Amino acid sequence: MNDRTDEIMQLDNSPLYAADIAHDLKKQFAFLSGGRGDNGSPIIVFPEFPAFGEITDGEFHNVLTYLTSVPSLSSTGVGFILVIDRRQDRWAAVKGTLLRIAGSFPGNLQLVLVLRPNTLLQRALSDILFKFNKDEFKMKVPVIMLSSVTELHSYIDRSQLTRELGGTQEYCHDKWISHRTAIEGFALMVKKTAQTLQLFGTELAETELPNEIQATSILLSTHTEKKDKMKEDLQVALGQGSRILESINEPLARNPDHNMNQDELENLATVQRLLSQLDETERAFDEFWVRHKTKLEQCLQLRHFEHNYREVRTLLDQVSDKLAAYSEVGVSHVHDEHNFCELSSYEEKICEVLSTALALSREGDELIQNSHYAEDSIQPKCSELRTFSENVSFCLKTKKGHLQKALELHQYLQRVSKWVDDGIYLLASQPVDKCQSHEGAELALQELERYLDNASQNQLTDLSTIWREYDEVLNQQFRDQVEKVFQKQTSMQEMFDKRRISLKKLAAKQTRPVQPVAPRPEAFIKSPISSPAHKAQQEKNSSDTDSGTNCEKGNGQLPNGDSGSRHVSLSEEEENLAVLRRHVMNELLDTERAYVEELLCVLQGYAAEMDNPAMSHIIPAALQNKKEVLFGNMPEIYHFHKRTFLRELEQYTDCPELVGRCFLERMTDLQIYEKYCHNKPRSESLWRQCSDCAFFQECQKKLEHKLGLDSYLLKPVQRITKYQLLLKEMLKYSKSCEGADDLQEALTSILGILKAVNDSMHLIAITGYEGNLSELGKLLMQGSFSVWTEHKKGHAKVKDLARFKPMQRHLFLHEKALLFCKRREENGEGYEKAPSYSFKQSLSMSAVGITENAKGDNKKFEIWSNSREEVYIVQAPSTDVKTTWVNEIRKVLTTQLEACRASKQRAPDQISQFTPGSSGTVSHSSFRTGQRSFKKAEEKKVESCSLDVNSTSSTKPQNKGSPTSPDHKSKRQSDPTPFGFRGWNKTSLSMDASEEHDGYSSAEDPLNSDQEEDGGKKLTAGKYTVMSDFDKGGAVELSVKGGDIVQLVKEGDDGQWFVRNLSSCKEGWIAANNLITLIGKSKSCQSLTSSEGSGSGNLSTSSSCSETYTSFSDIKP
């Protein structure tokens, strides 16, 4: 393209153009007719022009200079022929013309032809003067004077002359000027276009390729726009040249026989040459542009490729790092399943990244195949992408394989562990008493054999095989786990072997016939485990001993020959319980570790992201600076469990029965859950406002959690509740162990925390109370009741209008006051659905008394104050709830009594006023014995806690005697006073009777002597007849039917009795309060009922009593 441009640039760059001297040319004092001489010399005609003398030298010079520049160089080299027409002029004009030509003609002259004047005088003068003045003209060419055009035709052919000179050539001066102007303008346009293209080409060639996508795109767009502008200019020039060409060819178009003169032919050739050069320039530019555009496009492709490469490489690094972070071995089957599910879910993203990487690699290969200029840069990147993708794919495949292996082994271990646990449960569930018979031993042996038939599918047969097959996934922790399960299996198999040996011995001993004979006393020995009723059982008449005694477990008497098997059974039972304790401990540790991991996941995946500047744009305004509201003190809980509690729990792995100590030592720390639960309603409310925001969705997506944040915010609440369940299970299997008391105390403390949390959640919902709730003391209980009110003023008794329609009230029992509130409707969802309570009334506990039983309903009791001027009849949802509340109020009043005694130190005889309505008096000795009995009761009292006050355990009658006969029919009107003495309606208690019974019928609770509640019966070891059917309420309770003979063996620490059913040869535990109902009036030689006990301590059946709690305000010193 540059060569063609140079050729165009070498066009005649004469400073004169037709457009510049168009005015002078139009005077037509000289013109190129287009004719040629015989040798091709151009002809310039000077026509008749009377004002020739007026032409300035400048005009004359410009016109002649321009006219001599028009013909081709080959023509001008021959020289010009000048034809001067002065036929109508004088000699002076001829002379003047010749002198001007001689003095300033710019070109070469070949011949000068002058048509002299036609007049006779002027012709003669011309001849004469020309001869004399010839030397003046100083012309190097001949000057010929012609008399006529005929003579002219002898020098120049007529076809080369215009009609004015007798020729045939057609000439139009205006048209000639127009053509010249157009051709010269076209030539200038071509020249300018060539220059512009040259500059643009230089710019493109010198342009440096950018390193960014956007800059490259902008450069390509800019260059394309400039190129399009160049193309537009080229098209304009080509159009103009085509129009000039059409104008030159117009005569030929009109008359095909038209012969163009030489000048027209040269004009035509000039235009065609310019158009041809313009076409060649355009083609050259297009070729250059294609190369330049291709390079820019390849640069843009390279920048896109590099950008995509960086992104894909970053993604590959991310998936590779995350893939490396995936644990190949979980701590449990559930953990492996979780890891495998997460990896399977993440596999989709990995495959997507790998697909993108391979696609980018193929794209790079295509660029190389298309001869990209940066092949050396693209090839290594493509190779690197393929290599990295193969590595990630291999790592993914390896991880999945290892996880599948680990999951397979964990499932195997889980199956083995379950089989072992089932075997242990089978051993524990086999009743040893039934196995003493031949049939029982055979059945038990068959049961064991059937269970062992599945051993091949559920056993770890060879550890070396497992080490070999699962070597890739077996870390030290996993090896320990396998060895632990194997050891557990071995222990169970040993237990099975021992049991089978024992059963086979028992089955073999029963094969020979035995003659039934009456047992002799000396044939019995003492059982290895004695019971409280053992001596009594030996002292009983032999008629009380029947075939059922042979089924007794641990407490009965067995033949001497069976004592060895009995020891074996007890040893197996202890081993079973030890395995179960380890099972509970493992569950505690596994769930504790999972809990710590879940808390860390929430804190890192949600809480930390709230401080991440990159996530701030998607955090809603309602969530800004609310991290403490949303998560509460979860960080504190996490650090406690991670750094302290989990580590301390792990120290009890080998002695799970002692784990209660760990809970007791950290009970104060566990109270941090109260703070978390108090904040939970605010957290729940905030979550509901923002649960659908993009921030939570993005965090959940990153963590790949299937559940939302709200499920994880509930984990601490679920965890503190889980502890009490695990402690109950551990206590169930550790009752005879060293740490049983610690477990019971830990369970009670955990339940206390749960109750405190539950109560406080209700307490903070109270509205309308003007005082300070914290001044009322500790919240002891709370619950919903139906309440009636009565008010006595003077002798008139006024009942509320709503007397027969109870008020629904929620009662809050504090140490110093009892609050009556009205429960409001619950609105919202979740924690926002918590009720609210409107305060209605408050009773000071220093002015309160209670009556345990109200007429008409055993679920009602009375709370009164001011000497019964205000009475509140309270109906509980159940008798158990009522009993729990009455007992708790008793404790409060008793505590106030002791505080009063400690502060005043008054003598008993100073108290002279009794419960309103009592007609009897009490002696000083009776009061003192009441005090002693009260102290005994306080020492033996056991308190229990529950998370939900509405679900309470039934009270256990534990009275050691009764002041009245069970046949006594008079109904009590009220309960004992908190001071520990009674007022009798008819007769007072005698000194002897008072001292015999210490003034009370209940040794555990001095204020609980209601005949309607316990019937006056004290449970003791002995035999009884069951009055009604009883289905077991728990896994360890015994079921009995009406008519069965049962033996009460021993009393447990938790208010239950170990009972042996002599009719069905079964034994187990039954709650004491259930036993009272079941045995009714059944007699026993050891039972101390009011009808069979010693008469010295019984009250007269004719005496009816009224026992009422009174308040301190009713006692006068």
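Start by selecting Cys737: at 17% relative accessibility, Cys737 counts as buried. Here buried means under 20% relative accessible area, exposed over 50%, and partly exposed in between, with a 1.4 Å probe and protein chains only. Select Cys677 next. With a relative accessible area of 7%, Cys677 is buried too. How many disulfides does a search of the whole structure find? The search finds zero. A disulfide here is a pair of cysteine sulfur atoms within 2.5 Å.

Before moving on, note that this is a predicted model, in which local features need pLDDT of at least 70, side-chain atom pairs count only at pLDDT 80 or more, and totals for chains, interfaces and linings use all residues. Residues are numbered from 1 along each chain as its sequence is written, and side-chain values use heavy atoms, with hydrogens and water left out.

**Stop 1: strand S13**

Select residues 860-865, strand S13. Strands (E, at least two residues) and helices (H or I, at least four) are DSSP runs, numbered from the N terminus. Is S13 buried or exposed? Six of its six residues are buried, so S13 is largely enclosed by the rest of the structure.

Now show the side chains. In a regular strand, side chains alternate between the two faces of the sheet. Lys860, Glu862 and Trp864 point one way from S13. Phe861, Ile863 and Ser865 point the other way.

Two strands pair if DSSP finds at least two bridges between them. Strand S12 (residues 848-851) runs antiparallel to S13, joined by four bridges. Strand S14 (residues 870-875) also pairs with S13 in the antiparallel sense, over six bridges.

Follow the chain from S13 into S14. This hairpin has four residues between the strands. Click on Asn866, which takes a positive phi near 55°.

**Stop 2: helices H9 and H11**

Select residues 213-248 for helix H9 and 262-325 for helix H11. Two packed helices are described by the angle between their axes and the distance between the axes. H9 and H11 pack at about 165°, with their axes 10 Å apart. Axes are lines fitted to C-alpha atoms, for helices over the stretch in contact, and angles run from 0 to 180 degrees between N-to-C directions. The angle makes H9 roughly antiparallel to H11. The cut-offs are under 35 degrees for roughly parallel, over 145 for roughly antiparallel, 65 to 115 for roughly perpendicular, and oblique for the rest.

Colour the contact by residue class. The contact of H9 with H11 has 19 nonpolar, 12 polar and nine charged residues. Ala, Val, Leu, Ile, Met, Phe, Trp, Tyr, Cys and Pro count as nonpolar, Asp, Glu, Lys and Arg as charged, and the others, Gly among them, as polar.

**Stop 3: the five-stranded sheet**

Strands S1-S2-S3-S4-S5, in that order, form an open sheet with mixed pairing. Its edge strands are S1 (31-36) and S5 (143-146), and each pairs on one side only. The twist averages 25° from one strand to the next. Zoom in on strand S4 (residues 109-115): four bridges join S4 to S5, and the two run parallel. Leu113 stands opposite Ile144 in S5.

**Stop 4: the four-stranded sheet**

Finish at the open sheet ordered S16-S17-S18-S19, where pairing is antiparallel. S16 (1022-1025) and S19 (1066-1071) are the edge strands. Here the twist averages 35° from one strand to the next. S16 and strand S17 (residues 1045-1051) pair over four bridges. Thr1025 stands opposite Ile1045 in S17.
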